[in-house]
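Subject: Structure handover

Hello,

Here is the structure I said I would pass on. Please look it over first; my notes follow below.

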Amino acid sequence: MTLRQLALSFLAFFAAVAATTATELTDLGERLAYLRVHSVGESAKAIASNVTADHALVLDLRYATTAPEDASVMRDALARRSSRSPLLILVSPATPEALQPALATLPRGTVTLGVADSKPAPQVVVMQPAEVDRRAYDALDGGMKLEDLVTGKIEKERFDEASLVKEFQNGNAIAAPPPTPDPARVTPEKAPVLTDRVLQRAIHLHRALAALQPRDA
């Protein structure tokens, strides 16, 4: 993916999410949708319709709540998914244990992402403390713009998409950016940027997979 293509991709992304809220199905551009689940029971219809739809989906289950009787909602939706588009499921250490059986067997094209100690163990482990992951998640519900949470400074924060896919294909589930070239270099302190790295990594992975697809596919 060229720098121009990347810029156009993010411009489309900004336009798509500008008017959305955390509780809506959000269009992330390039046929990628984002569904944040606060309650499995309350989101049953949205889960059923979007997990089985023929489009790429980021399904955020990191801090969902569920009752035992709602576990079948997720199991049935995953069992019915036949789309060849990626399904990117976000998990965390707080993902309900009741969802574990449903997430044990996933349809083709599904990738789970989360910080260390997430449940179930994610295929892509994102290097961010669990408490920061929670703050970033809550920030969207608190009114922070989604694009501010997932972009950061592209030239420094973005882990090159092709490198990410290569690492993942080579079996490295803990795919992380390389260390800074000169860690001993003294630089002025800056206020930390709150970034939802799990969601950010899911978007980057989708962009990378899309870029590697044949143009006539």
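Four bridges connect strand β4 (residues 87-90) with β5, and the two run parallel. Strands here are DSSP runs of E with at least two residues, and helices are runs of H or I with at least four residues, numbered from the N terminus; two strands pair if DSSP finds at least two bridges between them. Leucine 90 has leucine 113 of β5 as its bridge partner.

This is a predicted model, in which local features need pLDDT of at least 70, side-chain atom pairs count only at pLDDT 80 or more, and totals for chains, interfaces and linings use all residues. Residues are numbered from 1 along each chain as its sequence is written, and side-chain values use heavy atoms, with hydrogens and water left out.

Strand β3 (residues 56-60) pairs with β4 in the parallel sense over four bridges, and leucine 59 stands opposite isoleucine 89 of β4. β5 is also joined to strand β6 (residues 124-126), by three bridges and in parallel; there, glycine 114 is opposite valine 125.

Why is β5 largely enclosed by the rest of the structure? Six of the six residues of this strand (residues 110-115) are buried, meaning under 20% relative accessible area, with exposed over 50% and partly exposed in between (1.4 Å probe, protein chains only). Both faces are covered: Thr110, Thr112 and Gly114 are buried on one side, and Val111, Leu113 and Val115 on the other.

Regards
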